[in-house]
Amino acid sequence: MDETDFWEIIDSAREAAEGDPEEQAELLVDRLLQFDPEAVLDFARHFEARFNRAYRWDLWGAAWVLLGGASDDAFDNFRCWLIGQGREVFEGALHEPDDLAELLDDFDEEVDGDAEELGYAADEAYEQLTGLETPELGLAPPPREPAGTALDFEDDRALTERFPKLWDAFRA
């Protein structure tokens, strides 16, 4: 499975789920069950690599603004959700997190921004296909600290300056 296949599977599940993250995760498992176990592991590698790539202070700050706060676990779930939004939104957010204000059609902090189940979809599909737990994926270990410069999430002024579009769209 290549990167294009990965994003096509993500997109088709999101579109069919009409943006519902829990439904998207269920549909993702269903779609992955149509592949052989090695392809499911490839999908898991693509997902995990992007999950680790998104472990950045600036994205955490964007999540903080969108969600009105984001613990470690909430940021993990946000990164899963961000991947689930598809390539354009994911890559756009990595390029400039403040652009999420324009990349997202709508954002409801009660529903959006939390897609923990997406992070387990490949594991669930692999286990259903093989009866075994997902083996090590052979990727570098996840980073210990977020990349970039740390932000003071408690400083609304600093967040407003760093994320003016997100602040105006979702906090003002």
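Trainee: With which residues is leucine 66 in contact, leaving aside its neighbours within four places in sequence?

Mentor: Contact means heavy atoms within 4.5 Å. Apart from neighbours within four places in sequence, leucine 66 is in contact with Phe78, Leu100, Leu104, Phe107, Glu109, Leu166, Phe170 and Arg171. Please note that this is a predicted model, in which local features need pLDDT of at least 70 and side-chain atom pairs count only at pLDDT 80 or more, while totals for chains, interfaces and linings use all residues. Residues are numbered from 1 along each chain as its sequence is written, and side-chain values use heavy atoms, with hydrogens and water left out.

Trainee: Is leucine 66 buried or exposed?

Mentor: Buried means under 20% relative accessible area, exposed over 50%, and partly exposed in between (1.4 Å probe, protein chains only). Leucine 66 counts as buried because its relative accessibility is 1%. Its place is in helix α4; helices (H or I, at least four residues) are DSSP runs, numbered from the N terminus.

Trainee: How is the packing of α4 and helix α5 described?

Mentor: α4 and α5 (residues 72–84) pack at an angle of about 95°, with their axes 10 Å apart. The two helices are therefore roughly perpendicular to each other, a label for angles of 65 to 115 degrees. Leu59, Trp60, Ala63, Leu66 and Leu67 of α4 make the contact with Asp72, Phe75, Phe78 and Leu82 of α5.

Trainee: Which residues touch the most other members of the largest nonpolar core?

Mentor: A nonpolar core is a set of buried Ala, Val, Leu, Ile, Met, Phe, Trp, Tyr and Cys residues joined through side-chain atoms within 4.5 Å. The largest one has 55 residues, of which Leu28, Phe43, Phe78, Leu82, Ile83, Leu100 and Leu166 touch the most other members. The largest share of this core, 9 residues, comes from α4. Isoleucine 83, leaving aside neighbours within four places in sequence, is in contact with Phe6, Trp7, Ile10, Phe47, Arg50, Phe51 and Phe90.

Trainee: How many salt bridges does a search of the whole structure find?

Mentor: Side chains of opposite charge can pair when their charged atoms come close. A salt bridge is a side-chain nitrogen of Lys or Arg within 4 Å of a carboxyl oxygen of Asp or Glu. The search finds 12 of them. In one of these, arginine 14 pairs with aspartate 11, the closest N and O atoms being 2.9 Å apart. The two are separated by about one helical turn because they are 3 residues apart in helix α1 (residues 3–17). Arginine 14 is buried, at 18%, whereas aspartate 11 counts as partly exposed, at 22%.

Trainee: What is the distance in the salt bridge of arginine 157 and glutamate 161?

Mentor: That distance is 3.4 Å, N to O. Both arginine 157 and glutamate 161 are exposed. Elsewhere, salt bridges that share partners join Arg56, Asp58, Glu96 and Arg162 into one network.

Trainee: Where does aspartate 58 lie?

Mentor: Aspartate 58 lies in helix α4 (residues 57–67). This residue forms a salt bridge with arginine 56, with the closest N and O atoms 2.7 Å apart, and aspartate 58 and arginine 56 are both buried.

Terms used: Axes fitted to C-alpha atoms, helices over the stretch in contact; angles between N-to-C directions. Parallel < 35°, antiparallel > 145°, perpendicular 65-115°, else oblique.
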